[in-house]
Amino acid sequence: MSSDEFPVVIRDGSMEDLRRILALLKQSKSTIGFLPDTAVEERLRKGTLLVASIDSQIVGYLLFDLVDDTVAIRQLAVERQPETSVSQMR
């Protein structure tokens, strides 16, 4: 599958994305743990939260820290999809 067939856009998260990011966080909390809503808002303001979207729908996010010249990934969440949906995308 080429990127033309399945384009993913990565961009800085914004406050408009908050509801969707929180939904992904809730969906993944058993593996990535709890993070208060206010902490997500702070990350959006700070610019340390990226979102991935397909057809303008957010399908994941990456929360990170910058320490000197190093990027440290703190959380990565991706939309869960039933296997049938994945096979239909091919």
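**Stop one: the hairpin**

Select D68. In the hairpin of strand 3 and strand 4, with 2 residues between the strands, D68 has a positive phi near 55 degrees. Helices (H or I, at least four residues) and strands (E, at least two) are DSSP runs, numbered from the N terminus. This is a predicted model: local features need pLDDT of at least 70, side-chain atom pairs count only at pLDDT 80 or more, and totals for chains, interfaces and linings use all residues. Residues are numbered from 1 along each chain as its sequence is written, and side-chain values use heavy atoms, without hydrogens and water.

Now show both strands. Strand 3 and strand 4 pair in the antiparallel sense over 8 bridges; pairing takes at least two DSSP bridges. Pick G60: V78 in strand 4 stands opposite.

**Stop two: helix 2**

Select residues 37-46, which are helix 2. Which of its residues are buried? They are V40, R43 and L44 (buried is under 20% relative accessible area, exposed over 50%, partly exposed in between; 1.4 Å probe, protein chains only).

Next comes G47, which follows helix 2 with a positive phi near 85 degrees.

**Last stop: L66**

Select L66, in strand 3. L66 is exposed, at 56% relative accessible area.
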